[in-house]
Structures are given as structure tokens and as C-alpha cells.
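Subject: A structure to look through, with notes

Hello,

I am passing on a structure for you to look through, and my notes follow below it. Please keep the model open beside you while you read them.

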Amino acid sequence: MFTDIVAAFTGIAAGFAVGGGFVAFISVLGVLPRVIIMTSQQSKLRSIEWSMILGTLSGTVAMYLPVHFNLAFIVPLLGLLSGVFIGMMAAALTEVLNVIPLITRRLRITGSLELIITAIIAGKVAGSLFYWLIFLPVWKG
């Protein structure tokens, strides 16, 4: 009984920590407004806000309810959409913090900023493909 209470408290505390971090990431750093400005979608602000709210709520419901799909094509589609979301958020965070321009100025390689960004993207894609196609199947046996 005591271990169940501790486990429930730990789970709720972890959920609040992750949720608080996500809200801080979106609101305090101004990532979402920056994404909207970068994509010139100011007229669709309400739609974007509601899509984020509904996406978060549906993801939460899907985590706690036994939802089963017999459609094989839905898994790659959800993976693609999740990857696009994470990539957009990472790019917006980089843009907000101006990390890449700062690094290129410090290393005196300002002429090849596009090449550096392309190399970062290619490295992320290669690492993800290695993990999902090689490491995970070998690790699972």
C-alpha cells in the first residue's frame, strides 16, 4: 500500500515536472510565436494554438487509455509527424537562442552557415536511422 502511494506520488510529480518544463519551453522562451513568425502564419494563430492544445490532450489520452489500431500505416505517419514537431521545436529553440550564429562567429566560419545546419540535420537523421534500423533490432535480438 505504501509503495503504491509513493509510486503514484512520484508519477504525478514527474508529470508536473515534465509538463512545467514543456510550458516553460513554449511560453517563456517564446518558441511558438517565433515559429509562427518564421513560417508567416500570423493569421492562423488561433488554429495553431488549438492544434497544440488538442495534440497534447490527445497524446495524454492515448498514453493512458488502451488504444489499439489495426492500421499499419498509422505508425510511420505518427512517427513522421512527431519528428516534424520535434524538429520544428529544436529549430525554433536554436533560432531563439541564436546558438548557431554565435558558434560560427566564434569559430570564424561565418561563410558556411548553411553547410553547418545541413550537417547537423544530416547527423540527426543518420543517428535516428542507425538507432531504429540497426541498434534497436540487434539489441532486441
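Helices (H or I, at least four residues) and strands (E, at least two) are taken here as DSSP runs, numbered from the N terminus. On that basis the elements of the protein run α-α-α-α-α-α from the N terminus on, which is to say six helices and zero strands.

Before going further, please note that this is a predicted model, in which local features need pLDDT of at least 70 and side-chain atom pairs count only at pLDDT 80 or more, while totals for chains, interfaces and linings use all residues. Residues are numbered from 1 along each chain as its sequence is written, and side-chain values use heavy atoms, with hydrogens and water left out.

As for overall shape, the radius of gyration (taken over C-alpha atoms) is 19 Å, whereas a compact globule of 141 residues would have one near 14 Å, by a rule of 2.2 Å times the number of residues to the power 0.38. Of the 141 residues, 9% count as buried, where buried means under 20% relative accessible area, exposed over 50%, and partly exposed in between (1.4 Å probe, protein chains only).

The largest nonpolar core consists of five residues, Ile26, Leu32, Ile36, Met52 and Met89; such a core is a set of buried Ala, Val, Leu, Ile, Met, Phe, Trp, Tyr and Cys residues joined through side-chain atoms within 4.5 Å.

A pocket is an open set of points on a 1 Å grid over the protein atoms alone, where a 1.4 Å probe fits, with protein on both sides within 12 Å along at least five of seven lines, and its lining residues have an atom within 4 Å of a point. A volume is the space filled by probe spheres set on the points, which are joined across faces, edges and corners.

The largest pocket has a volume of about 1400 Å³ and is lined by 33 residues, with Met52, Gly55, Thr56, Gly59 and Phe85 nearest its centre. Helix α3 gives the most to this lining, with eleven residues.

The second largest pocket, of about 880 Å³, has 24 lining residues, and those nearest its centre are Ile86, Gly87, Ala90, Ile121 and Lys124. Here α4 gives the most, with eleven residues. Lysine 124 itself lies in helix α6 (residues 113–140), and it counts as exposed because its relative accessible area is 60%. Lysine 124 and glycine 87 are 37 residues apart in sequence, and their C-alpha atoms are 9.6 Å apart in space.

Best wishes
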